[in-house]
Amino acid sequence: MSSIERQSSKAATTSFSYKIGVFGVVLLLLWIGIFKFTPTEAAEIEPLVLNHPLMGWLYSVLSVQGVSNLIGISEIIVGVGLAYSFISPKAGVLFGAISSVLSIVTLSFLITTPDTWKMVDGIPTTSFFLVKDILFLAVSLRIVEHNKKFLS
């Protein structure tokens, strides 16, 4: 099967719900990535990144805004890569995997950042900004699974 036939077959077998899920993750990654270039978001994510054992060192090399910009660029690149997955199954597998790692790192902030969990009216709560990555992880893994079948 040629590359063009495979892409045509992929488009025909891709469900509407899958497309909506990927679009949602792409939209939010681009939106959040762009927001990382603001001083407000740079200050908001500083405690998360600073307390992370694999990322805290970035502040010894870059400024608070520089670290936020780097993360923002990463999110934008992943968002564009996931959008490209509609055309390229290879991009789908690669960027789906990268997006999965990005989601796992974001979810790890729930463990590595002090005072992330709070009790409100007897219910444990945390930042919904972090919890959204459970859904991002599910969609990212689905992108990998979906695109792998087109690479044989």
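**Close-up views of a predicted model**

View 1. Phe-23 is found in helix α2, which spans residues 16-35, in a structure that is a predicted model. With a relative accessible area of 51%, Phe-23 counts as exposed, because the cut-off for that class is over 50%. Together with Leu-27, Leu-28 and Trp-31, Phe-23 makes a nonpolar surface patch of about 430 Å².

**View 2. The salt-bridge network of Lys-36, Glu-41 and Glu-75.** The structure holds four salt bridges, and a network of such bridges links Lys-36, Glu-41 and Glu-75. Between Glu-41 and Lys-36 the closest N and O atoms are 3.3 Å apart, and both of these residues are buried. Lys-36 also meets the side chain of Glu-75 in a salt bridge, at 3.4 Å from N to O. Since Lys-36 lies in the loop between α2 and α3 (39-50) while Glu-75 belongs to helix α4 (residues 64-84), this pair ties together parts that are 39 residues apart in sequence. Glu-75, like Lys-36, is buried.

**View 3. The salt bridge between Asp-133 and Lys-132.** The side chains of Asp-133 and Lys-132 meet in a salt bridge with an N to O distance of 2.4 Å. Asp-133 is buried, its relative accessible area being 3%.

**View 4. The surroundings of Thr-113.** Thr-113 is situated in the loop between α5 (89-112) and β1 (118-120), where the residue is buried, with a relative accessible area of 9%. When neighbours within four places in sequence are left aside, Thr-113 is in contact with Pro-47, Leu-48 and Asn-51.

Methods. Residues numbered from 1 in each chain as written. Predicted model: local features only at pLDDT ≥ 70, side-chain atom pairs only at ≥ 80, totals over all residues. Heavy atoms only, no water. Helix = DSSP H or I, 4+ residues; strand = E, 2+ residues; numbered from the N terminus. Buried < 20%, exposed > 50% of the residue type's maximum accessible area, 1.4 Å probe, protein only. Contact = heavy atoms within 4.5 Å. Patch = residues over 30% accessible without salt bridge, like charges linked within 9 Å, V, L, I, M, F, W, Y side chains within 5 Å. Areas by Shrake-Rupley, 256 points an atom, 1.4 Å probe, with all protein chains shown as cover.
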